[in-house]
Amino acid sequence: MVYFILKRMIQSVFVMLTVAFLAFSLFRFVGDPITQMTGVETSVEDQERLREELGLNDPFVYQFTRFTGDMLKGDFGFSYRTRQPVAEMIASRIPATLELGVVALIISLLVGIPAGVYTALKPRGVLTQTILMTTLVGVSIPTFVIGIMLIFIFGVQLGWLPTFGRGGTVQIGGWESSLFSFDGWRALLLPAITLGVYQLTLTMRLVRAEMMEVMRSDYIRFAMARGVPTASLHYRHALANTMVPVITIIGLQFGGVIAFSIVTESVFQWPGMGLLFLESIRFVDIPVMGVYLVVIAFFFVLVNLVVDLLYVAIDPRLRIRDVS
Amino acid sequence: MLTIKDLLVKFPMRFGAFTAIEDVDMTIKPGEIHGLVGESGAGKSTVGAAVIGLLQSPGYVANGTLTLGDTDLRNLSPAEAHKVRGDRISMIFQDPQTSLNPLMTIERQLIETIQTHSSLSESEAINRAVDLLEDIGIKNAAERIKAYPHQFSGGMRQRVVIALAISTDPELIIADEPTTALDVAVQSQVLDLIQRLAKERQIAFMLITHDIGVIAQVADRVTVMRKGRVMETGVTAQVLGKPQHHYTQQLMDSVPPLDRKIDRFRVPEADDTIASNGAMAENWLLEGSQHARTGLSLTGLSVEFAGPRTSIFRKLPPYVALDDVTLNIKPGSIMGLVGESGSGKSTLAKAITGLVTPSSGTMELGDVVLPYGKSRSRQHPSRQLIQMVFQDPYSSLNSRHRIGDILTEPLWFYGFVKDEQEREKLAASMLSLVGMQPDAISKYPHQFSGGQRQRIAVARALLARPRFLICDEPTSALDVSIQAEILNLLKDLQAKFGLTILFISHNLAVVRQMADDTAVLRSGKIEEVGETNALYTAPQADYTKSLLDLTPVMPTTWQT
């Protein structure tokens, strides 16, 4: 068990190193950092001096080690565009993206799992067919179209909800949260739904497919033959077994939601990491892009680790060795 | 008492209804074990499912009466039917590996079932569950009950399944192939248990199985089914000993006896017109076997699998799959290899074919030493000389390839026949030789039954012009009458072409019919090896004796 976690962590370190290497390559090889930083009026001598001072003439391996070391110390460098430390810029944006992602995930689970179970248990029902059709439309439409439609209906036509920004936020420690004010929630709702729709559809279809598979299995048929009450049969026996494979996909998807909230954030002008990333691209702000890459990879690795632990918690076959 | 009368089950299909079973009559008294035999597709399981009300959708009971005591089972509302399940009728499934919920402890599953059907409190239910497990033969039940299903071995799991089935004191238990997935030793324990429960608790059992030996050993009465209809029914000794119906007689003829060897099974002969087309393939094979018959000798062969790593510094000791196996297979003979699951039978086959790398020992085919596993090159002659027939004919043929492609591949691969049309002709002729219509060549595997597929697998092996054939449980996925045909075929081919065969099976009766010599394998070690007749009549090793004793057979007094 401890060995299992340790192994996973060592694997994660390698993943992070690879991503750090990619981020570093971006820094070093996409354009010349010196020309990015200096203007036309800087003399060639000054440029060379700067190059030497910044250590850009050092051997490649040495530079990469220094880059990784600085990252580990929490020094992420400075933005080309704003001259602010990148760490601060990203840190101020993380709460917005995380809250958006988590709320989107919760919405997708709260709707997706029950809908999946329902459609699996009543595969021929009218409601099932309706749900399946609607969600099919849901996946087929790109996220930004859904966002724009939601803005049009609830923001413009009905005027119920704000169409951009985070609304009223509350400062808790260093964390700027929109979860503690009514205004914040109103602003959060549309982007979270937009972001959650795809995940919702996927969760629902996955739960449905797995649940139908499980309902055909021998242990469910045996439980039926013993007259186990239907509620327990569906929700205790079948659902738990359904969730084992579903969790992996949901975990991976959550990483994706955080990473690809870019589109949603851009549609709703949501001041999260995704929007920051878009701005950085526009201004070729390579340090910010590199760090964004590393931070996203870190989230992926973290989520996967949590998924692995959840696996162990749910499935006794991974927890307890065979005795006999 | 269960009474079934004129039972008719239909499955509505797009083009009219498919009748699964028809005119089935049966009564089972309390304490009686009623055997239900028949080949796959006979509708045995459908009878059981209809009784307990769990027919696979869209099947339904179209006609007939089903009564348990005074209750009309057909006239129950879904809620009432669900109450009857577990309370009065219960069921045991075939595979104990899959019939328990893997995420719940045995305790939770037992208590839930007990409390559903009684008003016992939690602690009373636990006591009852522990008593049950003790009674069923699980030692230290108070502690073991806290375990999850995967912590039990196959036989123990089947006991837990039985405990679950009887935990509510049902009147009737439908046991659908309850011992098919178990080894003989465990099978005999489970059968004893079923007999004891029937006697002590007066539970009526419907014992569904394809194994005539099992029926002969435990069933009081037996019903023989075929294609959804009852062929014959009566007292077991009567039906099996003096079968009246033509089909039952045929069935009994196909059952390999354990106590004697019969040269050929009496099966309806394939028509000769097919066989005559096989001359070409026959000549081709004989021309290939000019050189001497090839034996195989294994000396001190060991195979180890690395143990799983439990921490950075600790690794469990390697699992020894084969331990110092020495075996000599004489040229042109059939060596039978028997043993329970996990004894290393298939590992031996894999080591010989080079799919597994042994840790020590030598393998010699004729006078050529076979290189180990991966170091055996693709071009090594043994890759052609040794061929294999696998257990499951459904997964051993590529379902996306035409039979023609499957059969001509070895001809092309080993460079025997250069001309494509010639290859097709030879493949078609080979199909005739194994008793199939040559036009099968343009079809796909899914268009054939299990027995036909196994014939195709044999044809494929022969088209590589092998001298040594490994048959790994070639008939255990087949019905007994089909098994008899395949065994006949293998015998004929072996005699005609002087093949050397390693015949692996867990079924001792089948091996007796096939093998000249027999080796008994247990936990990777050879327990005993010897001439088949001698080994079966006077076994030396205790293990062989117990295997022979435990194999369910018909009492000799019944035989005609």
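Into which domains is chain A divided? Chain A splits into domain 1 (2-72) and domain 2 (86-286 + 296-319), with bounds from an automatic or database domain assignment.

A word on the model: it is predicted, local features need pLDDT of at least 70, side-chain atom pairs count only at pLDDT 80 or more, and totals for chains, interfaces and linings use all residues. Residues are numbered from 1 along each chain as its sequence is written, chains are lettered from A and ligands numbered from 1 in the order written, and side-chain values use heavy atoms, leaving out hydrogens and water.

| Item, domains 1 and 2 of chain A | Value |
|---|---|
| Distance between centres (C-alpha atoms) | 34 Å |
| Buried area between them | about 910 Å², 81% on carbon and sulfur atoms |
| Salt bridges across the interface | 1 salt bridge |

Buried area is the accessible area (1.4 Å probe) lost when two parts are put together, summed over both. A salt bridge puts a side-chain nitrogen of Lys or Arg within 4 Å of a carboxyl oxygen of Asp or Glu. A:Arg8 pairs this way with A:Asp308, their closest N and O atoms 2.3 Å apart.

Over in chain B, B:Ile4, B:Val51 and B:Met206 have the most contacts inside the largest nonpolar core, which has 88 residues. Such a core joins buried Ala, Val, Leu, Ile, Met, Phe, Trp, Tyr and Cys residues through side-chain atoms within 4.5 Å, buried being under 20% relative accessible area (1.4 Å probe, protein chains only).

Technical notes. Buried means under 20% relative accessible area, exposed over 50%, partly exposed in between (1.4 Å probe, protein chains only).
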